[in-house]
Amino acid sequence: PALLFDPQVEGRIDLFGTDPPIGIMHPLDYQEITTMLPCGGRIYLYSDGVYEITTKSGDLWSWDNFAQLMREEIRKGAGQPEAIFQDIFALTQADRFEDDFSLLSLDFV
């Protein structure tokens with residue numbers, strides 16, 4: 001899910017949908033979900049390659065690990081995509097990502 005961080009609330013809001021990823025099945029009608037975006041909030045959109053990594057210790061990292069890292073980044077006042085990329089890359093076993101790494105942040109001011 002996309003991750004929404006609201007500066008007025010501790011923690012994150014996971015923007016889950018129940019439909020399959022776009023492009024998996026065709027044709028398909030998708031449900032529409034609406035949420036209010038808080039002023040000062042930040043949304044992260046990302047590919048699965050951001051969190052499906054093998055760590056230096058040989059463990060498979062999970063979405064929960066990624067979500068925790070994101071919460072810690074926000075708590076520190078950080079959370080810029082380049083810094084997140086560097087933090088996750090430092091955890092990887094290889095000298096490159098096994099899958100694509102796409103991460104976009106949107107700030108609402």
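Modeller: Trp 61 sits in the loop that runs between strand S3 and helix H1 (63-75). Helices (H or I, at least four residues) and strands (E, at least two) are DSSP runs, numbered from the N terminus. The model is predicted, so to speak of a local feature takes a pLDDT of at least 70 and side-chain atom pairs count only at pLDDT 80 or more, while totals for chains, interfaces and linings use all residues. Residues are numbered from 1 along each chain as its sequence is written, and side-chain values use heavy atoms, with hydrogens and water left out.

Trp 61 counts as buried because its relative accessible area is 13%, where buried means under 20%, exposed over 50%, and partly exposed in between (1.4 Å probe, protein chains only). The areas come from the Shrake-Rupley method with a 1.4 Å probe, and for residues only the protein chains shown count as cover.

From Trp 61 to Glu 98 is 37 residues in sequence, and 12 Å in space from C-alpha to C-alpha. Glu 98 belongs to another loop, the one between helix H2 (81-91) and strand S4 (103-107). With a relative accessible area of 54%, Glu 98 is exposed. Glu 98 also belongs to a surface patch of negative charge, together with Asp 48, Glu 52, Asp 99 and Asp 100. A patch is built from residues with over 30% relative accessible area and no salt bridge; like charges are joined within 9 Å, and nonpolar side chains (Val, Leu, Ile, Met, Phe, Trp, Tyr) within 5 Å. Lys and Arg count as positive and Asp and Glu as negative, with His and the chain ends not counted; the charge is placed at NZ of Lys, CZ of Arg, CG of Asp or CD of Glu.

Phe 97 is in the loop between H2 and S4 as well. Phe 97 counts as buried, at 12% relative accessibility.

Now to the strands. Four of the five residues of S3 are buried, so that strand is mostly covered. S3 (residues 42-46) pairs with S1 in the antiparallel sense over three bridges, and with S4, also antiparallel, over five bridges; two strands pair if DSSP finds at least two bridges between them. On the S4 side, Tyr 46 stands opposite Leu 103.

The whole structure holds two salt bridges, each being a side-chain nitrogen of Lys or Arg within 4 Å of a carboxyl oxygen of Asp or Glu. One is between the side chains of Asp 14 and Arg 12, at 2.6 Å, N to O. Asp 14 is partly exposed at 25% relative accessibility, and Arg 12 is partly exposed at 28%. The other joins Asp 107 and Arg 42 at 2.5 Å, N to O. This pair links distant parts of the chain, with Asp 107 in S4 and Arg 42 in S3, 65 residues apart. Asp 107 is partly exposed, at 43%, whereas Arg 42 is buried, at 14%.

Another surface feature is a nonpolar patch of about 530 Å², made by Ile 22, Ile 24, Met 25, Leu 28 and Tyr 30. Tyr 30 lies in the loop between S2 and S3 and is partly exposed, at 34%.

As for the chain overall, there are two helices and four strands, in the order β-β-β-α-α-β. Of its 109 residues, 30% count as buried. The C-alpha atoms fill a box of roughly 40 × 40 × 20 Å along the principal axes.
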